[in-house]
Each structure stands twice: as C-alpha cells, then as structure tokens.
Amino acid sequence: MDIGPLRSRLNAAGQAHLLQFWEKLSADEQQALAKNLSGIDFEEVNAYFKDAEQTLATSAEKIDNDLEALSPEVCGSVSRSEPSQIKEYEKLGLTEIGNNRAAVLLLAGGQGTRLGVAYPKGMYDVGLPSGKTLYQLQAERILRLEQLAQALTGKKCCIPWYIMTSEHTKGATLTFFKKHNYFGLQPENVILFEQGCLPCLTFDGKIILEAPSRVAMAPDGNGGLYRALKSHGVLDDMSKRGIECVHVYCVDNILVKMADPVFIGFCRSKGAECGAKEAVGVVCKVAGRYQVVEYSEITLSTAEKRAANGRLAFNAGNICNHFFTVDYLKRVCQKEQESQLKHHVAKKKIPHVDENGKTVKPESPNGIKMEKFVFDVFQFATNFAVWEVLREAEFSPLKNADGAAKDTPTTCRHDLCSLHQHYAIAAGVKFVHADGTPYTDIQSRSASDADEPVICEISPLVSYAGEGLESLQGKKLVPPVVVEVAAENNGLQIKQGGQ
C-alpha cells in the first residue's frame with residue numbers, strides 16, 4: 001500500500017505520529033487505519049483546536065456585562081397564560097400538524113455510558129408496569145397526536161420522525177425499530193440519519209490513537225445536526241413532504257411532548273423562525289444575539305438579578321426542546337453560517353496507546369473532545385420565541401444509573417407516574433387503598449414507603465396530555481394502575497391493584 005501521499009498530509013498537519021505503528025500492523029489493520037485517516041480533514045481539525053485553545057483560555061471569564069434579558073414580547077408561559085389562550089395555541093398547532101406541515105426531530109446520538117448500558121438510551125425501560133421503552137413512549141405520543149390533529153381538521157395526517165443517530169447508535173436503533181414494527185408507525189415516516197464524528201485531541205493538539213490501527217473518535221455534539229441535515233439530504237426530504245416547522249428534542253427526556261401543539265402554536269403566533277421551550281438555566285441575549293448561557297459563565301449577582309415585576313431577569317433555561325422553521329434550518333445549514341458555530345471543549349479521560357502500542361485507560365483527563373450544541377444557532381435568529389413550561393410536567397431526563405442523586409431510571413419512573421396521577425385526578429379519579437380507604441394527599445405517597453409515589457401509568461395511545469380520560473370520572477382505583485387502549489373496542493382497559 002502506497003501511503004506516501006497520506007504521510008505527506010500528516011507531516012504537513014503535524015500529525016505524523018498517527019503512523020508510528022504502521023510497520024507493525026497487519027495488512028488488514030493498515031487498510032483500516034488508512035481508511036480511518038483518509039476521512040479526516042486535518043487542516044479543519046487543527047483549526048478547530050486553535051479555537052478550542054481560545055475557549056479553554058477564556059473559560060473562566062464572566063460575560064455579565066454583555067447579557068440582556070429577553071424582551072417580554074418574545075416570551076410566553078403556560079402558568080401565566082389564560083386557559084383560552086393556551087387552547088388557541090393548541091388549535092393552531094394541531095392545524096399545522098393536521099395539514100402535514102410539522103415534523104419532529106430526535107437527537108439520539110449519545111450512548112448510555114453514564115446509565116451503565118451498552119445500547120442507545122431510547123431502548124431503555126425505566127421499570128414502568130407496561131415495560132415500555134423511551135422509544136415506544138415517544139412513538140405512541142406521535143400516534144395519539146396524529147389522531148387529535150385528524151379529529152380537529154378532518155384530514156389524515158402524518159408527523160414524520162427524523163432521528164439523528166451516531167455511528168455508535170444507528171445500527172442498534174434501526175434493528176430495534178424493525179424488531180418492534182416501528183411501534184405502529186409507517187417505516188417510511190421514521191427517517192434515521194447519522195451525525196459526524198471528530199478526532200479526540202491531546203491538550204497540545206495531537207490526535208489520539210486509541211489503538212495502533214484506530215483513531216479515538218467522538219460524536220461532534222448535537223450541534224452536529226446542522227451539517228448532518230444538509231449532508232444526508234434531510235432538508236430536501238422535509239421540503240418534498242411540505243414540512244414547514246420542526247420540533248427538535250433529546251431522547252432522554254421521558255416527559256417530552258413531541259410536536260407539542262401548544263408550543264408550535266405559540267411559536268407560529270409569534271412569527272418565530274426559532275424558538276425554545278424552557279424550564280431551567282439561562283436563555284438571554286449576549287451582545288445582542290440570542291444565546292444559551294451556563295450559570296458557570298455568569299456571576300451570582302447577575303444570576304439573581306430581578307426585573308421590575310420582581311421575577312428573575314434571567315429565568316428561562318434550556319431543556320433541549322426547540323422549534324425551527326424549515327426555512328431557518330436551510331439558512332443556518334449553509335456553510336457560511338454553520339462554520340461560525342464554535343466548538344465547546346470537554347476535558348475527558350480518553351483511552352490511548354502507550355509507546356508499546358498497548359491501550360491505556362487514564363484515571364484523569366488526558367485530552368479533549370470537541371462538540372457543537374444544537375442551540376448555538378440561536379445567535380442567527382431575528383424572530384425568536386421562548387415558551388416557559390413546568391418542569392414537573394415536561395422535563396425529567398435519564399442520565400445516570402440508579403444510585404445517583406438525580407436523573408435516574410427511578411426518578412424518571414416516579415416523575416411520569418406522578419404526572420399521570422395528576423391527569424387521572426383531574427379527570428375525577430379517586431385513588432384508594434385495597435381496603436377502600438382513600439389516599440389523603442395529592443402526592444398519594446404509599447404508607448409503606450414515603451419515597452415511592454402511587455404507580456399510575458396512562459398509555460400515550462390513550463392520552464397525549466391528559467385529554468380523553470372522561471370515562472374515568474368517579475372511578476375509585478387501587479394502585480398500581482395502568483390505563484391502556486382495549487384491543488377489542490378501542491375503549492379503555494384499566495388494570496389495577498397489581499392484577
């Protein structure tokens with residue numbers, strides 16, 4: 001194999017060490033490494049590292065003086081809006097869906113490393129009575145929402161589901177969907193595509209070998225979405241389908257309302273090209289541009305600053321739940337704008353080879369991974385909207401294995417059951433013990449375990465957000481309660497008391 005041209009490229013880029021084990025590799029390993037290296041734009045990677053150095057050098061700087069609170073005109077809130085106004089937003093959103101103008105886009109490129117599993121997080125079962133995974137819950141919410149939109153508009157409709165995977169998750173995700181017959185969705189409306197990867201670097205900018213014949217690579221972050229949308233023809237597919245707006249979200253939020261008609265309707269009513277649904281963190285303007293800012297980037301006094309009405313000035317925060325028009329995505333995916341997105345730097349413990357070609361797993365950070373964030377494109381927006389929601393109703397992420405302080409399978413299961421319990425109570429359900437005595441408070445905690453909420457699971461096929469439960473009014477139910485669609489007549493099937 002003639003590697004002269006490749007060696008010249010590496011020498012010019014200061015990455016010649018990547019061939020240090022070449023002579024010791026088998027023919028197959030040499031071919032694999034050459035293919036691996038040929039797919040890397042070394043000049044681009046070096047340029048990214050220069051930007052990363054600047055990011056690391058300025059990471060401790062605070063940006064308080066450049067912050068501006070969001071204008072009230074671009075903000076809305078589920079807790080401060082009249083029910084009639086929320087209904088109007090919902091009707092507008094359902095009309096968009098009913099006319100086949102809305103899609104959902106799932107960010108599912110991450111692995112379940114912190115969760116302790118070797119498969120994509122969307123395949124995870126948090127221990128609900130039904131045994132449903134995150135993917136199944138989300139698929140069934142899409143199906144129910146299509147029904148609601150069709151009931152309003154009288155038109156048969158479809159919500160295309162675009163799923164951005166990575167090289168680590170695409171194969172397993174596709175196999176999982178095929179195995180489960182796409183959970184009732186049409187296969188042609190579930191579109192998988194893959195985000196890119198970038199080499200991992202040492203602190204002095206050298207690309208890391210994780211094995212003598214393999215470069216250490218990592219997904220380029222959920223902000224890799226914009227390059228992937230264009231390179232995989234996803235934007236073209238959206239245009240062919242007549243899609244005008246897209247709801248983008250992360251896979252690990254068990255409470256996520258995909259294509260939330262209230263959120264879509266709010267953004268449409270504001271004429272927004274870009275929007276965010278918020279519950280935690282800081283969304284603001286920085287030097288006149290919309291941006292998500294971490295609390296670590298501002299001082300405590302700024303984080304606690306109050307507006308004239310007494311509310312926090314910087315109270316909106318990102319839960320990776322976004323609205324984009326397709327026209328806006330087409331614009332930000334152009335190279336002249338996508339290239340302006342800066343890489344965020346994470347110091348990581350990256351497996352690497354030693355001088356003998358043996359893989360070493362470091363005990364402390366030895367390099368960096370570079371990634372872009374999906375919300376980095378906010379800066380290009382001129383018409384922006386923020387919809388504030390209740391965390392307990394819409395945000396419960398799955399990040400860690402049980403035993404951690406938060407964001408575990410147990411907290412996700414409890415949060416979902418708590419939400420569904422509130423839906424049931426609002427519909428007129430009374431939760432009772434096996435002896436018929438009622439639970440005494442809204443939390444309905446078990447007498448035997450103060451930390452365990454009542455188990456109440458309502459299938460997304462029955463209710464998207466608490467609607468459609470009228471037939472439960474006046475019922476006394478013994479937990480655990482599971483409400484599903486009855487196969488024989490499409491009515492409700494209620495299982496209770498562990499039956």
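**A tour of the interior**

The lining of the largest cavity is made up of nine nonpolar, three polar and two charged residues, and it should be kept in mind from the start that this is a predicted model. To find the place, select Arg-141, Leu-419, His-420, Tyr-423 and Tyr-464, which, of the 14 lining residues, are the closest to the centre of this cavity. The space inside amounts to about 130 Å³, and the count of cavities of 30 Å³ or more comes to one. Colour helix 14 (residues 409-426) next, as this helix gives the most to the lining, with four residues.

Now select Tyr-135 and Trp-161, the residues with the most contacts inside the largest nonpolar core, which has 45 residues. Helix 5 (residues 134-153) gives the most to this core, with six residues. Around Trp-161, leaving out residues up to four places away in sequence, you can show its contacts, including Val-104, Leu-106, Tyr-135, Ile-142, Phe-177 and Tyr-249, together with Gln-138 and Asn-189.

For the last stop, go to helix 12 (residues 335-338) and select Glu-338. Is Glu-338 buried or exposed? Its relative accessible area is 5%, and because buried means under 20%, Glu-338 counts as buried. Displaying its contacts, again without residues up to four places away in sequence, brings up Tyr-226, Arg-227, Val-332, Cys-333 and Lys-372.

How values were computed. Residues numbered from 1 in each chain as written. Predicted model: local features only at pLDDT ≥ 70, side-chain atom pairs only at ≥ 80, totals over all residues. Heavy atoms only, no water. Core = buried A, V, L, I, M, F, W, Y, C linked by side-chain atoms within 4.5 Å. Buried < 20%, exposed > 50% of the residue type's maximum accessible area, 1.4 Å probe, protein only. Helix = DSSP H or I, 4+ residues; strand = E, 2+ residues; numbered from the N terminus. Contact = heavy atoms within 4.5 Å. 1 Å grid on protein atoms, 1.4 Å probe; cavity = no way out; pocket = protein on both sides within 12 Å on 5 of 7 lines; lining within 4 Å. Points joined across faces, edges and corners; volume = space filled by probe spheres on them. Nonpolar A, V, L, I, M, F, W, Y, C, P; charged D, E, K, R; others polar.
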